[in-house]
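Subject: Structure handover

Hello,

Here is the structure I said I would pass on. My notes on what was found in it follow below.

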Amino acid sequence: MSLSVPAAAADPFADKPSVLEVDGLVKHFPITQGIVFQRKVGAVKAVDGVSFNLREGETLGIVGESGCGKSTLAKLLMRLEEPDAGTVKFRGKDFLSVKGDELRRLRRKIQIIFQDPYTSLNPRMSVGDIIAEPFKLHPEEKPKQGIRNRVKELLDLVGLNPEHINRYPHQFSGGQRQRIGIARGLALNPDVIICDEPVSALDVSVQAQVMNLLDDLQKEFGLSYIFIAHDLSVVRHISDRVGVMYLGKLAELGTQDEIYTGPAHPYTQALLSAVPLPDPTLRGAREQIVLQGDPPNPANPPSGCRFRTRCWKATEICATQEPELISRGQITQLTACHHAQQNEKVIPSHG
Amino acid sequence: MTESQTSTGFTPGTSPGDAPLLEVKDLQVEFRTKAGVARAINGLNFTLHAGETLAILGESGSGKSVTAQTIMGILDMPPGRIAGGEIRYRGDDLLTMNEESRRKLRGGKIAMIFQDALSSLNPVLPVGWQIAEMFRVHRGMKRKEARAKAVEMMQRVGIPGAEERAGDFPHQFSGGMRQRIMIAMAIALDPDVLIADEPTTALDVTVQAQVMRLLKDLQTEFNMGLILITHDLGVVADVADKIAVMYSGRVMEAADVYETYAKPGHPYTQGLLASIPRIDDEGGRLRAISGLPPSLTDMPPGCPFNPRCEFATDRCRTERPELRLVAEGHLSACHYAEDVYAGTATRTRRPSPTGAGMIDVSEEAPE
């Protein structure tokens, strides 16, 4: 690995238009007490000011530990939850204020693939009906060749046998079900697909098949992905840019190369150094940062920097002043840390 | 039809003259289901020595958890049935032992950690009480004495404020802390063999690192034999001494961990290693293994991996390969193990573009 600034690699999406612009997105879930008169006693700050943009054909990976708000973020982007503050623009149009017919039209363009292929498909509907449902909800998108033919096409596209159109979800394995979920997501020719942990329920050998499929579909249809996952290796493989979330905020945001070869936020460094490498000869060969304790309660995050309670670099300024997500000094990616410093040693280069 | 694989067992990396702690010979377990008899384990062999870590690696349905349950003696029977084989702990066969002697070993000398700590702990009893139960039942200790020991164990596994938290209930702890409580229970009676069934799968990566480090430290301290059951190739590379790769209830490959990662002797292991995305490599397209694992009630004839194998020939479709030595201390159940090991095997098929099936190389039109 060369120690040269990773920015040397030009951003291939620099001149592509933004599909999704997210600015200052906030979602707090109230904690209530009492049975008849529910008093609000606090709020779980699930997403607390997240901003990024997604460009055409790009994959933005979002990583973080459980409870960091990554799935809430997915729901907000789908408008399955209404945010408390912030804006989401889809191709320049405010996605959060549109209503009625226009909302339905925009919704077609943003689809989601869920984590659990066992609960996200209706067990009483045949595969053909599941994949045809988007056309029933959006009749004006009805395919010219007929719904059934289009469903068969979609099945073929995701590597399933079109003859199996009348089968039910329980007749398929986990990987095949995830393919059905992908076919449903593709039905309305979306621009953006939000993948919420799409491969974490799958076995290792099947996981690679689904990731390759997502890759192929992106190239073929010019899709933009928001890829949410907790597996850092999977995210590196599929993403062009990566955002690291901690307690409802982005800690670091940069290209895949910047984040993985020169992480600057202590949390990113700890996260990456904790991932075991599938190579026994690297045992003990790298610096491992083992964090103490668990993430704090999102209902009562620490003052200043949210990571300071587990951070080995924390000083007074971290307790009083919240670090902004900005580019700092020589560091090309955006980091939210007062003491940001690149560390190339957490992942040894792979030869 | 004999389902057994070779009974030579494998003992790479052990000092000669050292009697094994645990020896599994030709173990066979099946389940009666509506769809027929599912052969979950078809002739399993391994040995475990004190202080050694054996990783059993496999995907869902490969029989790795059933192996753990059978050794612990907690397999649900029926529908499960042990169709043959031996499990010897210090020379005594656990499967023919009477229930009373077995109960003394279970939890005492052979202990287990489960994947999901929340559903494995009793939700309505304080955790200190649950750890103390081990001392009361197995050691006949008085309540007060047992509680003091429980607090000591909680301190040993790194639970902060153990004295005050012993009265807390499982739901009041985080996932990592709950797993530590399970570990405290498992090591309470100083076991010789510790079986960890996916101990960190439900945990976040930073917490996983903490728990794995704790397990490793405890193993060294108590000189335990550790059986680590997992699907994570990274965790195995980090902690295991030797490895057994399972597929469809059979061991496909067994060897020293360095040897397995450097020179896999079975196409399945090779495929697994090639198909995982690596954090230290942005890589190109992943080399996925196409197709799906076979159903246990409807196993293909010959090698169970043949429908997904790039090197499969007619011999693989008819004749079941035995587990045999390909190099010193390296066992593989493949007809072409030597060629795979040396990297000279002939590819007969390649995965279809969508990754759902295989295409015969010979059927392809020449370009």
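The largest cavity is lined by 16 residues, and those nearest its centre are B:Pro267, B:Gly271, B:Arg287, B:Ile289 and B:Glu310. Its volume is about 160 Å³. A cavity here is a set of points, on a 1 Å grid over the protein atoms alone, where a 1.4 Å probe fits but cannot get out, and lining residues have an atom within 4 Å of a point. Grid points are joined across faces, edges and corners, and a volume is the space filled by probe spheres set on the points.

Before the rest, the conventions. This is a predicted model, in which local features need pLDDT of at least 70 and side-chain atom pairs count only at pLDDT 80 or more, while totals for chains, interfaces and linings use all residues. Residues are numbered from 1 along each chain as its sequence is written, chains are lettered from A and ligands numbered from 1 in the order in which they are written, and side-chain values use heavy atoms, with hydrogens and water left out.

Cavities

Helix H11 (residues 267-275) of chain B gives the most to the lining of the largest cavity, 4 residues. Helices (H or I, at least four residues) and strands (E, at least two) are DSSP runs, numbered from the N terminus. By class, this lining has 9 nonpolar, 3 polar and 4 charged residues. Nonpolar covers Ala, Val, Leu, Ile, Met, Phe, Trp, Tyr, Cys and Pro, charged covers Asp, Glu, Lys and Arg, and the others, Gly among them, count as polar.

Over the whole structure, the search finds 7 cavities of 30 Å³ or more. Of its 13 lining residues, B:Pro267, B:Cys303, B:Cys309, B:Cys316 and B:Cys334 lie nearest the centre. Its lining has 10 nonpolar, 3 polar and no charged residues.

Cysteines

How many disulfides are there over all chains? The count is 0, with a disulfide taken as a pair of cysteine sulfur atoms within 2.5 Å. B:Cys316 has its closest cysteine sulfur in B:Cys334, 6.1 Å away, which is too far for a bond. B:Cys316 is also buried, at 7% relative accessible area. Buried means under 20% relative accessible area, exposed over 50%, and partly exposed in between (1.4 Å probe, protein chains only). In chain A, A:Cys305 counts as buried at 11% relative accessibility.

Second largest pocket

A pocket is an open set of grid points with protein on both sides within 12 Å along at least five of seven lines. The second largest pocket holds about 600 Å³ of space. Two or more lining residues each come from helix H2 (99-105), strand E6 (110-113), helix H4 (127-139) and helix H7 (175-187) of chain B. The largest share, 5 residues, is from H4(B). The pocket is lined by 19 residues, with B:Met72, B:Gly107, B:Phe114, B:Met134 and B:Met185 nearest its centre. By class they are 9 nonpolar, 5 polar and 5 charged.

B:Met72 is one of the buried residues of H1(B). In this helix (residues 64-72), 7 of the 9 residues are buried, so H1(B) is largely enclosed by the rest of the structure. B:Gly73 follows H1(B) and has a positive phi, near 75 degrees.

A:Arg150 is in helix H4 (residues 147-157) of chain A. A:Arg150 counts as buried, at 15% relative accessibility. Leaving aside neighbours within four places in sequence, A:Arg150 is in contact (heavy atoms within 4.5 Å) with A:Phe135, A:Pro143, A:Gln145, A:Leu186, A:Ala187 and A:Asn189.

Regards
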